[in-house]
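Subject: Structure for you to look over

Dear colleague,

Please find the structure below, followed by an account of what was found in it. I would be glad if you read the two side by side.

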Amino acid sequence: MLPGIRLAGTYNDTGSKKSGLLRAAERWRGGPVDVGTLYVVGTPIGNLEDITLRALRVLREVDLIAAEDTRTARQLLRAYEVSSPLTSFHEFSGPGKVRHLTERLANEDVALVSDAGMPGLSDPGYPLIRAAIEAGFAVVPIPGPSAILAALVASGLPMHAFHFLGFLPRKSGERRRVLAAVAEEDATLVAFESPHRLAVSLVDALAVLGDRRMAAARELTKKFEETVRGTISELVERFGGEAPRGEFTLVFAGRPRGCALG
């Protein structure tokens with residue numbers, strides 16, 4: 001990286017915003033480059049204090065913030081007195097909104113944020129990221145909190161390699177097929193699950209994966225954060241008799257090497 005170059009939008013002599021990365025290209029090549037950058041900004045997964053200083057600076061300096069839920073985004077922006085314009089970008093936005101935001105990158109910087117964590121992971125961020133890359137615009141990640149990594153490191157299970165499954169399917173048959181496809185892997189398995197399907201998903205996991213070690217993390221970084229560790233059968237018993245609250249991140253031990261399921 002060139003010394004002294006900031007990685008966020010700053011102002012040129014005329015007062016207009018321009019991407020820091022592209023200004024780096026200007027300085028290197030000696031000419032102006034008037035196109036924008038898509039910043040993929042990680043936001044808190046629960047505790048608002050988990051936002052990074054760099055993320056706040058980028059959110060303040062971009063021309064537009066594309067948010068999965070503008071109501072959720074406004075809570076964060078209000079807490080830190082960020083006044084950049086907001087627009088919605090969610091799973092029902094469609095290709096027209098992707099095209100519109102990509103066109104705005106022709107001369108503006110845009111920040112992409114999800115409801116929580118890093119955009120593009122089990123949320124609608126991917127189409128915009130892909131479109132920006134295909135159109136030739138710079139895409140710059142601004143790392144932030146991740147429920148996947150938070151649950152993984154707190155699980156007590158091996159973390160040298162893991163397989164992220166996203167949200168488990170809603171239907172039992174599909175869920176069991178997904179789990180069966182990774183049952184022989186020795187890498188740790190990580191998945192998201194909603195509270196009202198947690199009990200039945202654990203029953204399916206026990207049937208398909210066997211009674212291996214696991215952890216279930218909920219309300220990560222929030223006031224009532226909890227990580228429950230044990231075997232799958234122990235967690236089936238634990239959550240079978242209660243109505244849990246909060247979104248869950250499930251972490252399953254991989255199949256021990258040299259052991260076959262049976």
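The secondary structure of the protein chain comes to nine helices and 12 strands, where helices (H or I, at least four residues) and strands (E, at least two) are DSSP runs numbered from the N terminus. This is a predicted model, in which local features need pLDDT of at least 70 and side-chain atom pairs count only at pLDDT 80 or more, while totals for chains, interfaces and linings use all residues. Residues are numbered from 1 along each chain as its sequence is written, and side-chain values use heavy atoms, with hydrogens and water left out.

Of the 262 residues of the protein chain, 49% count as buried, that is, under 20% relative accessible area with a 1.4 Å probe, protein chains only. Among contacts (heavy atoms within 4.5 Å) between residues at least 6 apart in sequence, 67% join residues at least 24 apart.

Strand E3 (residues 37–41) is largely enclosed by the rest of the structure, because five of its five residues are buried. Thr37, Tyr39 and Val41 cover one side and Leu38 and Val40 the other, all of them buried. In a regular strand, side chains alternate between the two faces of the sheet.

E3 pairs in the parallel sense with strand E7 (residues 138–142) over five bridges, pairing being assigned if DSSP finds at least two bridges between two strands. E3 also runs parallel to strand E6 (residues 110–113), to which three bridges join it. Tyrosine 39 has valine 140 as its bridge partner in E7 and stands opposite alanine 111 in E6.

With best wishes

Definitions and conventions. Buried < 20%, exposed > 50% of the residue type's maximum accessible area, 1.4 Å probe, protein only.
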